[in-house]
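Student: I have not looked at this structure before. Could we go through it by question and answer?

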Amino acid sequence: MPTASAPGKFILFGEHAVVYGKPAIAMAVNMRTEVTAAFSSRTTVDGMLLKEVRSYYIREMLSRWEGEPVSISIHSGVPPSSGLGSSAALSVAFIAALYSLNGDRDIRRIAEEAFDVEYTVQGGASPTDTSTSALGGAVMVGGEQENPLWEFSKGERSWKIGRIESPELSFVVGVSRVHSPTKIMVQRVRRLVERSPFGMEIIDSIGELVTDAISALKKGDAEDMGELMNRNHELLRTLNVSCPEIERMRDSVMEMSYGVKITGAGGGGSIVALTDRPKDVKKAMESAGARSAYIVNAEKNGILWD
Ligand code: PMV
C-alpha cells in the first residue's frame, strides 16, 4: 500500500512573469500532503465514492486512471487557499501514490502529469508549483538555464526546470482575508499585457530582476534578497495585483524584515517576508488583519515514498 508525500511551496520571485516564459524561483516548504493508495473492489477517496468527491483536481486525476479501482486516503498538511501550493502538493502526492501502485516512481513523469492536471482544472498554469512540489528545495522555472532537469511545454510556451542551491532561510507567509482565484488574476494581467506595451515592460523587468535574485540566493545574501523582494513587490503592484489589505499587512512587517512581497497570484492572497524575527513578523501580520500566518522553512525533499 504505497504512501507518497509532497511539500507545499511559495513563490519567492517571478510570479505572473513566469506565465510569459520569464524565470521564477519557488521554494518548497516544510508542510506536506500525504496520500495512500491501495487496489480495492471500488474506487473511494477518504471513504467517499467518486461521484461524492468535490475536488476537481481529484476527479480529474481519477478520470485519467486506467488501472483497477483504488481506495485513496489523504492527509493534507498544507493549508488551502494560502499561496502555499496545496493543490500542487495534493496533485503531486496523489499521482506519486497512484503510479507507485504500478511500480512507477519517475519524478519527471509525475511532475508533468500533475502540471497537466493543474493546467486542465485551472484553464492555464505554469509548471512552477507542481515541479517545486515534486523536486523540493529551491527551483527555477523558465528563463535561460544551462543544465535544466527537464522542460515542459503547453501550446507555444515552454519552461525549463532546474534546481538552485539555497541556504537555510526563515520566511513567514501571511494570508489575507481577501480570496482571489489565480485564474482571475492571470486574466487581469493578460488584459494589461495585451492592451499596452507597458504591461510587457513590467513583465520584462520582473524577468531581469529574477536573474539578479538567483545570484543573491546562491550567496545566501539576505539583504540583497530582501531588496529584490521589495522591488519585485513594487513591480507586481504596478501590474495591479495588490490591494489595500495586502499593503496593510506588508507595511506592518517591513521594519522587521529584509524584504516582503506578494507571493502567488495576489489580488488579495498572500505575502511572504524574509526575516530573522519570524515570531514577531507572524504576530504583526495577524494584528494587521491576516486570516492566518505561517512560519515556514525551506524543505529540501520533494516527493517521498514510505
Ligand atoms: O497562486 P499560486 O500560488 O498558485 O501562484 C500563481 C502564480 C502565477 O504565476 C500567477 C500563475 C502560474 O501558474 O505560474
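Student: How are α1 and α2 oriented to each other?
Tutor: This is a predicted model. In it, helix α1 (residues 56-64) packs with α2 at an angle of about 25°, and their axes are 10 Å apart. Angles under 35 degrees count as roughly parallel. Therefore α1 and α2 are roughly parallel to each other.

Student: Which residues of α2 make the contact with α1?
Tutor: The crossing of these two helices, α1 and α2, is right-handed. From α1, the contact takes in Y57, I58, M61 and L62. Its residues divide into seven nonpolar, two polar and no charged. On the α2 side they are S87, L90, S91, F94 and I95.

Student: α2 also packs with α3. How is α2 placed relative to α3, and why?
Tutor: Helix α2 (residues 86-101) and helix α3 (residues 107-122) have axes 9 Å apart and an angle of about 130°. Angles over 145 degrees would count as roughly antiparallel and 65 to 115 as roughly perpendicular, and the rest count as oblique. The angle of about 130° therefore makes α2 oblique to α3.

Student: How do the residues of the contact of α2 with α3 divide into nonpolar, polar and charged?
Tutor: The crossing of α2 and α3 is right-handed. α2 contributes S87, A88, S91, V92, I95, A96 and Y99, while α3 contributes R109, I110, E113, A114, V117, E118 and Q122. Sorted by type, they are eight nonpolar, three polar and three charged.

Student: Are α6 and α7 roughly parallel or roughly antiparallel?
Tutor: Helix α6 (residues 197-219) and helix α7 (residues 222-238) pack with their axes 10 Å apart, at an angle of about 165°. The cut-off for roughly antiparallel is an angle over 145 degrees. α6 and α7 are therefore roughly antiparallel.

Student: How many nonpolar residues are in the contact of α6 with α7?
Tutor: α6 passes α7 in a left-handed crossing. The residues of α6 in the contact include F198, I202 and L209, and those of α7 include M225, L228 and L235. Three residues of the contact are polar and three are charged, while the nonpolar ones number eleven.

Student: Which residues come nearest to the ligand?
Tutor: There are 13 residues around the ligand. A backbone N or O atom of H16 lies 2.9 Å from one of its oxygen atoms. Those that come nearest are K9, H16, S126, D129 and T182.

Student: How far from an oxygen atom of the ligand is the polar side-chain atom of T182?
Tutor: D129 also has a polar side-chain atom by a ligand oxygen, at 3.0 Å. For the polar side-chain atom of T182, the distance to an oxygen atom of the ligand is 2.9 Å.

Student: What separation do the C-alpha atoms of M256 and V281 have?
Tutor: M256 sits in the loop between α8 (244-253) and β10 (259-263). Leaving aside residues up to four places away in sequence, M256 touches T275, R277, D280, V281 and A284. M256 and V281 are 25 residues apart along the chain, and their C-alpha atoms are separated by 6.7 Å.

Notes:
Residues numbered from 1 in each chain as written. Predicted model: local features only at pLDDT ≥ 70, side-chain atom pairs only at ≥ 80, totals over all residues. Heavy atoms only, no water. Axes fitted to C-alpha atoms, helices over the stretch in contact; angles between N-to-C directions. Helix = DSSP H or I, 4+ residues; strand = E, 2+ residues; numbered from the N terminus. Left-handed = near helix turned anticlockwise from the far one by under 90°. Contact = heavy atoms within 4.5 Å. Nonpolar A, V, L, I, M, F, W, Y, C, P; charged D, E, K, R; others polar. Near = heavy atom within 4 Å. Polar contact = N/O pair within 3.5 Å; in protein donor to acceptor, adjacent residues only side chain to side chain.
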